[in-house]
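This briefing covers one protein chain, from single residues up to the whole fold. Please read it alongside the sequence and the structure.

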Amino acid sequence: MPAQLINGNALSQQLRADCAQRAAALTAQGMQPGLAVILVGEDPASQVYVRNKVKACLDAGLHSVKEDYPADMTEEALLARIAALNEDPSIHGILVQMPLPKHINPSRIIEAIATHKDVDGYSVLSAGEVMTGLPGFRPCTPYGCMKMIESTGVDIRGKHAVVIGRSNTVGKPMALMLLQANATVTICHSATPDLALYTRQADIVVAAVGRRNTLTGDMIKPGAIVVDVGINRDEAGKLCGDVDFASAVEVAGYISPVPGGVGPMTITMLLINTIEAAERRLASQAAR
Ligand code: NAP
């Protein structure tokens, strides 16, 4: 029997309906959640991502400011904008779209964002919060993958999860979140000699590589949950993930497609983090 689809669009719709309710409740209390999205340069893919993020905010009743700057913006000027947004009470989340032009140090920029507004969860402090299980902001993509895995209803506790990829923004936080949920976790990467040896033992596989056909049906344990984070193009130019969907769907128990899987969930988790930031602000005001 083919795998059940983990439909990121449908799950996103459910979660965004809840976001809209939470945003309306906050707005009624004078705290409309606000997200600032900064884009430096004219990278076409980044322009699409930024537009989609802003639109998702507006659709859910959040306030969103989009700031576009030319590619020759200086690092100092960008730092000054972040400092101003850190102080802006109408803004609860700040997102700087990556990649930045070469002359700007991304770490300096990320670390300049106030931790309580780091809704992308990319700062060292946010990473530490994920690692220690403190309630900070989880990076949106692995956070969305967790929601997708949870949506299957399968108990993560005690399962063997294999994460393919170890980037700071996807693979590593993904592994830590699965660990926090009591999975036994293996992390594979480009120096892993026999990937299939690990993936064949996995009850849950998250592929976050950026190379199509990294995971094929013969590498999957029957019934496993497969989440495909990758964004690639096939030889016909069609969008595809890291997983060979046609062979994997015949073996897996649950599988997320590309497109329509992790992509919409990433944006949804950005909304959730921004709302959470506004809720925390309201709670801290009430406690004063
Ligand atoms: P990244 O920083 O390039 O990391 C890729 C990881 O894959 C690295 O850890 C690398 O290992 C590992 N890798 C490369 N070749 C491998 C192989 N043959 N076998 C096993 N592991 C291998 O990429 P990323 O930012 O994590 O993103 C991964 C993919 O997810 C990309 O396609 C990206 O576009 C996509 N993505 C999608 C979303 C979304 O919203 N849908 C969000 C973020 C990212 P080493 O560390 O050893 O080099």
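Serine 126 touches Thr115, Asp118, Gly121 and Phe137, residues up to four places away in sequence being left out; contact means heavy atoms within 4.5 Å. This is a predicted model, in which local features need pLDDT of at least 70, side-chain atom pairs count only at pLDDT 80 or more, and totals for chains, interfaces and linings use all residues. Residues are numbered from 1 along each chain as its sequence is written, and side-chain values use heavy atoms, with hydrogens and water left out.

- Serine 126 has its place in helix H5, residues 124-132; helices (H or I, at least four residues) and strands (E, at least two) are DSSP runs, numbered from the N terminus.
- With 0% relative accessibility, serine 126 counts as buried (buried is under 20% relative accessible area, exposed over 50%, partly exposed in between, with a 1.4 Å probe and protein chains only).
- Glutamine 180 belongs to helix H7 and is partly exposed, its relative accessible area being 49%.
- Apart from neighbours within four places in sequence, glutamine 180 is in contact with Val130 and Gly133.
- A distance of 8.9 Å separates the C-alpha atoms of glutamine 180 and threonine 132, which are 48 residues apart along the chain.

**Lysine 53**

- Helix H2 (residues 44-59) contains lysine 53.
- Lysine 53 is buried yet has no salt bridge, a salt bridge being a side-chain nitrogen of Lys or Arg within 4 Å of a carboxyl oxygen of Asp or Glu.
- The nearest side chain of opposite charge to lysine 53 is aspartate 120, 5.6 Å away; Lys and Arg count as positive and Asp and Glu as negative, while His and the chain ends are not counted.
- Residues up to four places away in sequence aside, lysine 53 touches Leu95, Gln97, Ile267 and Leu270.

**Glycine 230**

- Glycine 230 sits in the loop between S8 and strand S9 (232-233).
- The relative accessible area of glycine 230 is 6%, so this residue is buried.
- Its contacts beyond four places in sequence are Ala207, Cys240, Gly241, Asp242 and Val258.
- Glycine 230 and valine 209 are 21 residues apart along the chain, and their C-alpha atoms are separated by 6.0 Å.

**Helix H6**

- Helix H6 (residues 140-150) is mostly covered, with eight of its 11 residues buried.
- The buried residues of H6 are Cys140, Thr141, Pro142, Gly144, Cys145, Met146, Met148 and Ile149.
- These buried residues pack against helices H1 (8-28), H7 (171-180) and H10 (262-287), and against strands S7 (204-207) and S8 (225-228).

**Whole protein**

- The protein has 10 helices and 11 strands.
- Its radius of gyration is 19 Å, close to the 19 Å that the globule rule gives for 288 residues, so the protein is as compact as a globular protein of that length; the radius is taken over C-alpha atoms, and the rule is 2.2 Å times the number of residues to the power 0.38.
- Along the principal axes, the C-alpha atoms fill a box of roughly 55 × 40 × 35 Å.
- Buried residues make up 50% of the 288 residues.
- Of the contacts with a separation of 6 or more, 69% are between residues 24 or more positions apart.
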